[in-house]
Structures are given as C-alpha cells and as structure tokens.
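Here are my notes on the model you sent over.

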Amino acid sequence: MNSDMKSDMTIFEALRKSHDEQRRLLGMLVQTEGDSAPRDDLFNRLKAELANHAGAEERALYIPMMEHDMTQEKARHSVAEHHEIDELVEKLEATDYSSSAWLTTAKQLEHLVTHHLEEEEQEVFQLAGRALDDAAKHTLADEYLADMKARETA
C-alpha cells in the first residue's frame with residue numbers, strides 16, 4: 001500500500017492499536033521501582049501516548065459524535081474522563097519517583113485508563129458505529145492516524 005492510498009482501517013481499529021499500546025505501557029510502568037531510568041522512560045512514553053491519543057481521538061471521534069443526539073452524552077463523558085486522566089498524570093509529574101505515593105498513583109492511573117478504554121471499546125464504539133456511516137468510519141481513521149503522526153513528530 002503506498003502512502004497516497006487511504007487506510008482500509010476503521011476509526012475503531014485505529015484507536016484500538018493505541019489502546020493496546022497504552023495498556024502495555026501501563027502494565028510495564030507499574031512494575032518499575034523507585035527513581036529509575038526504566039520508570040522515567042516508560043512514564044515519558046506513556047505521557048506522550050496518552051496526550052497524543054486523547055487529542056487526536058477527541059478531534060477524530062468525539063467531535064463528530066457530538067453532532068449526533070444519540071452519541072453526544074457518551075462523547076462528553078469520555079472527554080471528561082480524558083481530563084481525569086490528565087489530572088492523575090499531573091499528580092504523578094509532581095510526585096518524586098522514589099516516593100511510595102508515586103506507585104500508588106500510577107496504579108490509580110492504570111485503573112482509570114483501563115476502565116476508560118474498556119468503556120470506549122464496549123460502549124462508545126458500538127454507539128458511534130450506529131451513528132457514523134461506513135465512509136465516515138474510514139475517513140475518520142485517516143484523520144486520526146494523520147493527527148497522531150503529526151503529534152508524534154511535533
């Protein structure tokens with residue numbers, strides 16, 4: 001497939017790839033200990049993945065969902081959860097890596113993100129799947145992937 005061709009992926013498949021990466025990074029992060037290079041590296045990778053994904057997802061999925069009565073409330077709820085995730089990330093940034101509170105907060109973040117991803121995959125995607133037509137599902141995937149790429153290289 002050359003780079004001029006459109007993705008044959010739907011928005012939901014594209015989002016799920018990032019969700020899987022978030023789960024993987026969180027799982028590894030909560031296994032780290034103290035003020036260590038692995039903790040720092042994984043936390044920075046996770047922060048970037050969460051921020052890039054949330055921004056791109058809000059543009060490519062939640063803004064279109066807010067245009068439909070059926071999906072508007074669910075989209076707003078998910079955006080609010082993104083803000084809760086941001087707040088926990090900020091709390092982690094303000095906590096010393098060697099503090100026992102750091103791991104406690106990281107586990108809270110893992111729980112919140114995992115809950116959020118499951119809710120998206122089990123509820124939001126189904127609802128959005130009924131509101132969006134097939135062409136939109138593919139177009140939005142292309143927009144999401146392009147947005148993610150732009151954020152990762154910024």
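**Notes on the predicted model**

1. Let's begin with the pocket. The largest pocket in this predicted model is lined by A14, K17, S18, E21, E49, Y144, L145, M148, K149 and E152. The space inside this pocket comes to about 150 Å³. Helices α1 (11-29) and α5 (134-153) each provide at least two of the lining residues, and α5 gives the most, with 5 residues. By class, the lining of the largest pocket has 5 charged, 4 nonpolar and 1 polar residues.

2. A word on confidence. The average pLDDT of the protein is 94, and 95% of the residues score at least 70. Residues 1-5 have a pLDDT below 50, and this stretch makes 2 contacts in the model beyond near neighbours in sequence. Where pLDDT is low, predicted coordinates should not be read in detail. Please keep that in mind when you look at residues 1-5, where the pLDDT is below 50.

3. How many cavities of 30 Å³ or more does a search of the whole structure find? The search finds 1. The volume of the largest cavity is about 70 Å³, and α2 (37-66), α3 (69-93) and α4 (100-131) are the elements that each give two or more residues to its lining. The residues around the largest cavity are Q22, L50, H53, A54, H82, I85, D86, V113, H116 and L117. They divide into 5 nonpolar, 4 polar and 1 charged.

4. Is H82 buried or exposed? Its relative accessible area is 4%, under the 20% cut-off, so H82 counts as buried. Leaving out residues up to four places away in sequence, H82 touches A54, E57, E58, Y62, H116 and E120.

5. V30 is a loop residue to check. V30 sits in the loop between α1 and α2, yet it is buried, with a relative accessible area of 11%. Which residues does V30 contact, beyond its neighbours within four places in sequence? They are L103, A106, K107 and E110. E120, by contrast, is 22 Å from V30, C-alpha to C-alpha, and 90 residues away in sequence.

6. Finally, the charged pairs. Side chains of opposite charge can pair when their charged atoms come close. The structure holds 10 salt bridges. One of them joins K74 and E123, at 2.6 Å from N to O. K74 belongs to helix α3 and E123 to helix α4, so this pair links distant parts of the chain, 49 residues apart, and E123 is partly exposed at 38% relative accessibility.

7. Helix α5 has pairs of its own. R151 and D147 meet at 2.7 Å, N to O, and lie 4 residues apart in α5, about one turn of the helix. R151 is partly exposed at 30%, while D147 is buried at 9%. K137 and D134 form a salt bridge at 3.6 Å, N to O, and are 3 residues apart in α5. Here K137 is buried at 13%, whereas D134 is exposed at 54%.

8. One last item for the viewer: a network of salt bridges links R16, D20, R23 and E121.

Notes: Residues are numbered from 1 along each chain as its sequence is written. This is a predicted model: local features need pLDDT of at least 70, side-chain atom pairs count only at pLDDT 80 or more; totals for chains, interfaces and linings use all residues. Side-chain values use heavy atoms; hydrogens and water are left out. On a 1 Å grid over the protein atoms alone, a cavity is a set of points where a 1.4 Å probe fits but cannot get out, and a pocket is an open set with protein on both sides within 12 Å along at least five of seven lines; lining residues have an atom within 4 Å of a point. Grid points are joined across faces, edges and corners, and a volume is the space filled by probe spheres set on the points. Ala, Val, Leu, Ile, Met, Phe, Trp, Tyr, Cys and Pro count as nonpolar, Asp, Glu, Lys and Arg as charged, and the others, Gly among them, as polar. pLDDT is the predictor's confidence in each residue, from 0 to 100. Contact means heavy atoms within 4.5 Å. Buried means under 20% relative accessible area, exposed over 50%, partly exposed in between (1.4 Å probe, protein chains only). A salt bridge is a side-chain nitrogen of Lys or Arg within 4 Å of a carboxyl oxygen of Asp or Glu.
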